[in-house]
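Let's walk through this model together, starting with the overall fold and then turning to its charged side chains. Keep the viewer open as you read.

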Amino acid sequence: FFEIVTANVIATRPTKELCTLSIALAETTLAALASVSESQMISESLLSSQGFLERRATKPVGELLSLLLYSLKARRDILSSDEARCDCQSVMAMIGRLYESANKLFVMTQLGSVAPSEAVCSIRQKLLSCALMLMTEFESLPQGRRTRNDVAKYNDLRIGFTDLAVNALQSLEYVQLEANDDTAIVEEADHLPSKYGYGFGAVSHLGQEAAFQLLRVSLSLLSRLAPTTTIGLSSKLGDYQNFTYGVEFAACLKERRAVECIQYHLSKASTVASLTYQAVHAGSSSLSVSSIHNNAVDVVCLITRLFHGLIDAGSTIVDILLLLMENRCFRSLIDNPLLRTSCKTWTFNTDVSDNEVMPTAILHRGYYNSLPRHSGHTSSASKNKPSSQKDSVHFVWREVISIFSSLLRSARCQSQTYAKVDEPILRQLTSVTSVVLDFVCSYAEELFFCFRSMQTEARSRSNLSSRGGKTESTSFSSSIQSSSFAFTPNLLKESADISLLFAELCKTDSKIDFARQCGD
């Protein structure tokens with residue numbers, strides 16, 4: 001009801017009034033949420049002391065969180081102009097009240113609670129979504145408006161939400177739901193789930209869908225919470241606060257064994273995406289298979305983006321860099337089944353002779369066939385006309401290349417810092433070059449074929465025109481913006497990423513190891 005009223009008000013009121021309304025609505029909803037969570041916590045404490053087990057009413061909490069999320073979205077749209085922005089203290093206060101409520105609700109919805117899994121995952125997902133929106137708003141404020149105390153309080157809240165996000169990830173596991181099977185997550189009071197299962201299908205168990213959305217939001221929030229150099233003050237004090245936060249962030253991940261948990265979700269998503277990749281890449285998959293593939297790849301993208309952010313932070317926070325290395329994070333990227341499958345698809349035609357025409361899917365690296373599904377009145381000719389779609393797996397591949405470039409760069413910065421200061425750390429950092437070279441050697445053919453593929457379309461067209469023929473790839477090619485040498489945007493971006501990786505390998509001590517490896 002309140003959402004409907006708010007929507008009508010937004011459509012009829014001037015911006016100045018809407019700004020006041022959105023702030024009041026968000027703060028009132030937060031106050032109500034704090035009251036409900038506090039009362040439920042007290043109620044649970046009293047009942048448990050008497051030996052009773054309460055089946056909590058999750059609907060009021062869920063509806064309050066939906067209203068809060070709606071008000072924050074409306075607030076974000078209204079506060080887009082600088083003059084309408086709030087001050088740091090008010091945003092900080094909202095984040096603090098949200099964390100107090102979230103902390104209580106996470107305790108009450110922990111594994112083993114009697115609340116339905118769909119409601120538990122939905123509540124947690126909405127809490128973390130609200131945190132993500134408020135933190136994004138805070139970080140968009142000019143740094144000049146933040147005081148030292150603001151940054152210190154904000155960093156404390158970031159650690160708190162890091163713990164909650166990791167808690168959410170650890171409560172989830174991948175469950176392959178069989179057809180007509182609703183028993184993947186048992187919700188009866190005497191058979192409580194050990195974990196909440198998620199799936200990648202478009203149509204799945206309600207609990208699975210809620211758990212999948214919780215997985216996505218938790219990963220997105222962790223990426224936002226990863227240490228950066230843009231949160232603190234523009235001073236040595238701000239640098240110190242960022243460094244302190246980074247050390248605490250790394251300690252939180254290590255204590256909760258978060259990297260292992262993230263690698264588990266990466267493995268499951270990558271395996272599912274690799275099994276569906278061939279059909280999607282060829283344009284022969286059904287809508288359900290495409291949906292499963294896209295959802296799985298979306299999770300892989302979120303995790304690789306998170307890893308990239310952590311490695312960039314490792315240039316100033318050595319604890320994060322060492323944590324990733326201790327958990328063999330980079331080995332999970334080198335052996336990733338999705339990269340193995342996709343790269344093999346892109347480069348299987350390396351033996352194609354000059355007299356043959358390259359397959360269309362190979363000509364345009366970073367794109368795949370897509371046969372659009374139209375309504376029944378569309379002609380059969382237009383139905384079967386292939387079109388190009390950007391291959392999201394190619395983005396993952398480029399992200400991984402950038403990860404290893406950043407790894408070399410961060411390790412070099414830390415090596416300069418700890419040279420002749422901390423020998424144990426320095427010894428751990430020296431293994432970075434061999435890790436990167438392991439990646440380069442494992443994917444040498446795929447890396448160098450990127451540059452070779454720039455010439456394949458020109459050669460293919462030349463051979464085709466000399467025979468006076470025409471191929472099905474013509475309509476596919478016309479849907480991609482490229483030159484006659486197949487310099488597509490994705491291919492150029494990939495070549496730039498690979499060139500940057502080789503440039504990092506040619507610096508300082510890495511250059512010697514790289515030259516020795518090439519000589520072998």
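This is a predicted model: local features need pLDDT of at least 70, side-chain atom pairs count only at pLDDT 80 or more; totals for chains, interfaces and linings use all residues.

A residue is called buried when its relative accessible area is under 20%, exposed when that area is over 50%, and partly exposed in between, using a 1.4 Å probe and protein chains only. Residues are numbered from 1 along each chain as its sequence is written, and side-chain values use heavy atoms, with hydrogens and water left out.

Now for the overall picture. The protein has 23 helices and 4 strands, where helices (H or I, at least four residues) and strands (E, at least two) are DSSP runs numbered from the N terminus. Take the contacts (heavy atoms within 4.5 Å) between residues at least 6 apart in sequence: 80% of them join residues at least 24 apart. The accessible surface, from the Shrake-Rupley method with a 1.4 Å probe and with only the protein chains shown counting as cover for residues, comes to about 24100 Å². Carbon and sulfur atoms account for 54% of that surface.

Next come the charged pairs. A salt bridge here is a side-chain nitrogen of Lys or Arg within 4 Å of a carboxyl oxygen of Asp or Glu, and a search of the whole structure turns up 12 of them.

One of these joins Lys104 to Glu38, at 3.5 Å from N to O. This pair links distant parts of the chain, with Lys104 in helix α4 (residues 88–108) and Glu38 in helix α2 (residues 15–49), 66 residues apart. Lys104 is partly exposed, at 22% relative accessible area, and Glu38 is partly exposed too, at 35%.

Which residue does Glu504 meet in a salt bridge? Its partner is Arg409, at 3.1 Å from N to O. Glu504 sits in helix α22 (residues 489–505) and Arg409 in helix α16 (residues 392–418), so the pair ties together parts that are 95 residues apart in sequence. Glu504 is buried, with a relative accessible area of 3%, whereas Arg409 is partly exposed at 30%.

Salt bridges can also share partners, and in this way Arg331, Asp335, Arg340 and Asp438 are joined into one network. Within it, Arg340 pairs with Asp335, their closest N and O atoms being 3.6 Å apart. Arg340 is partly exposed, at 34% relative accessible area, and Asp335 is partly exposed at 39%.
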